[in-house]
Structures are given as C-alpha cells and as structure tokens.
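Me: I would like to go through this protein step by step, beginning with the whole chain and then turning to single places in it. Could you show it to me?

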Amino acid sequence: MIAVRSLCPVALCAALAGCAGVPVSEPPTSSAPTRSAPATSTAPVAAPAPSGKPRAGGFYLDDGPGDNAPDAQTLAAIPDAVPRDEPLHRFANRPYSALGLNFVPLTEHRPFRQRGRGSWYGRKFHGQKTSSGEPYDMYGMTAAHATLPIPSYARVTHLASGRSVVVRVNDRGPFKPGRVIDLSWTAAAKLGYVNDGSAEVEVEAVFAPGSAGDLLARRAAGQPEIARPAPGPAAPADDVIAALAADGATDAPTDGHWLQLGAFSTLDNAQALSRRIAAALGDLADRISVSSDGDRHRVRAGPFGSRDAAQGAARALRDQLGLEALLITR
C-alpha cells in the first residue's frame with residue numbers, strides 16, 4: 001500500500017494524508033466537497049499513528065487488512081458486486097477540485113474504459129464516510145474513482161494475471177498521477193496485488209441488464225438490446241450479503257426471533273459468510289446456521305428469546321461488520 005490513499009477532494013486543501021471519502025448528504029457550500037468525520041455507525045479498526053515507513057507486505061503501519069480480515073478461502077467466496085440500476089447521487093457527481101486539479105464527474109451511465117495503476121485503501125479509512133455518504137467498508141467490493149458516476153459499477157482487470165472483479169463505485173479518488181482507481185482491500189486482495197500496493201489495471205463500466213447504460217453499451221457494440229426488467233426489491237451489492245430476502249422467502253425454521261443475514265445461490269458463499277460472522281462475533285457463533293432450499297442458501301442467526309435481544313445482535317453485526325440484518329418474528 002502506498003503511504004497516501006491518493007487524497008480525497010477537499011476544497012483548496014493540498015496536503016491530506018488520505019481519506020475514505022467526502023460527505024455529500026447535504027449540498028456543499030463551495031465548488032468542492034469537504035472532508036468528513038469518521039462515521040459513528042461502524043467501528044473503525046484501531047490503527048497506530050502514521051509512521052511514514054512501509055512495513056513488509058506493501059502497506060504502511062497505520063494501514064493494512066485489520067484484525068478480522070477473511071482468510072484465503074473466505075476471500076475467494078466473497079461475491080462480486082452485482083450491478084443495479086440505481087439513481088445517481090444528488091451531490092456526489094458535481095464538479096470539484098482536489099490538489100489543484102479540476103474534475104468533472106460523468107452525470108450519466110455510459111460506456112467507459114480506462115487503463116492505469118490501481119491502488120487500494122484499508123483499515124486507516126475503514127468506517128469513514130465515502131463521497132456517497134456511506135461508510136467505507138474495506139471488506140466490501142467497492143472502489144473510489146475520480147469521475148465515474150456515484151453510484152456506478154466497474155469491472156477491474158489485473159492486466160498481469162487476467163483476474164477480474166466487479167466493484168461498486170461509491171467514493172472519489174485517487175488523485176495521484178497515473179492512478180485510475182482505488183479498490184477496497186478485499187477487491188485488491190481478490191485481484192492479487194495487495195502486497196504490491198498497486199498494479200496495472202483496466203477499468204470498464206458495467207451496467208444492470210436493461211438499464212440506460214446497458215442499452216448504450218449494447219448499441220455501441222452492435223449487440224441486440226434486451227428488455228428492461230421489471231423493478232424488484234433492492235438488495236445490497238457491495239458486501240458479502242448477496243441478498244436479504246430478495247425472493248420474499250423470510251420464513252424462519254422455528255418460532256422465535258431470527259435475523260436473516262443473507263441469501264445465496266452458492267452454498268460455499270453462504271458458509272463463508274457464516275464463518276466470518278462466527279469469527280468476528282463469538283457470542284453469535286452457536287446461533288448462526290445455513291439452511292438450503294434448492295439453489296437458495298440462507299444464513300440466519302437465532303432464535304433469540306426477545307425482540308430486544310435480536311435487535312441488539314443486529315446492531316452488533318452492523319457496528320462490527322457493516323452487515324444489515326432482517327428481523328423475522330414467528
């Protein structure tokens with residue numbers, strides 16, 4: 001990891017050591033966003049004071065994977081972000097300045113391709129607000145880009161290995177010359193360049209089937225257009241939860257209070273999520289279960305003796321892992 005996370009857009013500020021993003025939940029008072037305070041809804045991983053000296057493995061002493069980093073097996077099972085047709089953020093796509101440079105973000109979803117150095121950012125920024133206002137989750141499949149729309153989706157390919165991942169763009173940066181994208185720690189680890197700090201990558205915009213961007217991309221490629229799908233319930237696409245009751249099946253196995261944590265089409269992904277939760281929250285280890293119904297595999301926690309107990313566990317999951325749980329009562 002390079003010492004700076006390719007500095008965030010801050011009005012007329014030229015010496016930030018890096019940040020996870022810029023708050024944009026309210027209109028900026030100047031032509032550029034301002035720096036955010038760390039989010040309080042998630043628990044940033046504690047880090048020592050910056051030393052300016054890199055440690056072995058390509059990252060600095062105040063950065064890196066954190067204490068709850070997934071092992072190789074769990075990492076491999078974390079799914080890519082799934083493109084959804086989302087409305088553009090009201091403020092995060094306005095022109096801005098950073099380090100004396102002016103940037104004009106795209107304000108529509110359209111074909112985009114770019115090559116350059118890809119870098120990553122980790123625990124130093126975990127829990128801080130991104131430019132979308134969402135807390136940065138180093139274990140999610142997200143990225144920062146200087147001009148791609150927020151939110152949008154991109155396929156990032158490690159040119160040396162040919163590996164690719166799909167990430168959700170929800171932050172601004174990097175601003176170091178030659179850098180084209182900052183990936184979350186997890187996305188960079190899946191591409192295999194975490195220890196190197198950066199790598200040559202190709203960034204290509206990807207779109208939800210039938211969306212406006214998909215139609216433009218198909219026309220540009222001379223491909224037939226496909227029908228726009230009917231709108232359905234939104235599901236998180238930027239972390240290890242593949243869907244929260246997206247198919248409407250929220251029945252719990254027995255009476256009581258349950259938390260549904262994810263629904264997967266692959267059993268390995270469901271089991272990887274259950275192991276991650278059990279490792280991070282030992283008190284829940286005995287309550288985590290995976291149930292399978294055909295090709296749908298659900299991760300649940302419970303039963304809990306009371307609604308308050310279930311809601312307390314849900315808060316712990318949100319604060320420590322950034323996971324949102326669906327409460328089911330029977």
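Reply: Helices (H or I, at least four residues) and strands (E, at least two) are DSSP runs, numbered from the N terminus. This is a predicted model, in which local features need pLDDT of at least 70 and side-chain atom pairs count only at pLDDT 80 or more, while totals for chains, interfaces and linings use all residues. Residues are numbered from 1 along each chain as its sequence is written, and side-chain values use heavy atoms, with hydrogens and water left out.

Me: How many helices and strands does the secondary structure of the protein come to?
Reply: Counting the runs of each kind along the chain answers this. The secondary structure of the protein comes to 5 helices and 12 strands.

Me: What is the mean pLDDT of the protein?
Reply: pLDDT is the predictor's confidence in each residue, from 0 to 100. It stays under 50 over residues 1-61, and over residues 227-250 it is below 50 as well. Of the residues in the protein, 69% reach 70 or more, and the mean pLDDT is 73.

Me: What share of the residues in the protein is buried?
Reply: A residue is called buried under 20% relative accessible area, exposed over 50%, and partly exposed in between (1.4 Å probe, protein chains only). Among the 330 residues in the protein, the buried share is 49%.

Me: At what angle do helix H4 and helix H5 pack?
Reply: Two packed helices are described by the angle between their axes and the distance between the axes. Axes are lines fitted to C-alpha atoms, for helices over the stretch in contact, and angles run from 0 to 180 degrees between N-to-C directions. The axes of H4 (residues 267-280) and H5 (residues 307-321) are 11 Å apart, and the helices pack at an angle of about 90°.

Me: Is Thr186 buried or exposed?
Reply: Thr186 lies in helix H2 (residues 185-191). Leaving aside neighbours within four places in sequence, Thr186 is in contact with Leu75, Ile78, Met138, Tyr139, Gly140 and Met141. The relative accessible area of Thr186 is 0%, so this residue is buried.

Me: What distance separates the C-alpha atoms of Ala208 and Val82?
Reply: Ala208 is found in the loop between strand S8 (199-206) and helix H3 (212-221), and at 9% relative accessibility it counts as buried. Beyond neighbours within four places in sequence, Ala208 is in contact with Pro83, Arg84, Asp85 and Asp214. Although Ala208 and Val82 are 126 residues apart along the chain, their C-alpha atoms are separated by 7.9 Å.

Me: What is the phi of Leu99?
Reply: Most residues other than glycine have a negative phi, and most peptide bonds are trans. Leu99, in the loop between strand S1 (96-98) and strand S2 (101-103), is partly exposed, with a relative accessible area of 31%. Although Leu99 is not a glycine, its phi is positive, at about 55°.

Me: Which residue is joined to Pro303 by a cis peptide bond?
Reply: Pro303 has its place in strand S11 (residues 296-304). The cis peptide bond has an omega of about 0°, and it joins Pro303 to Gly302.

Note on methods:
Contact = heavy atoms within 4.5 Å.
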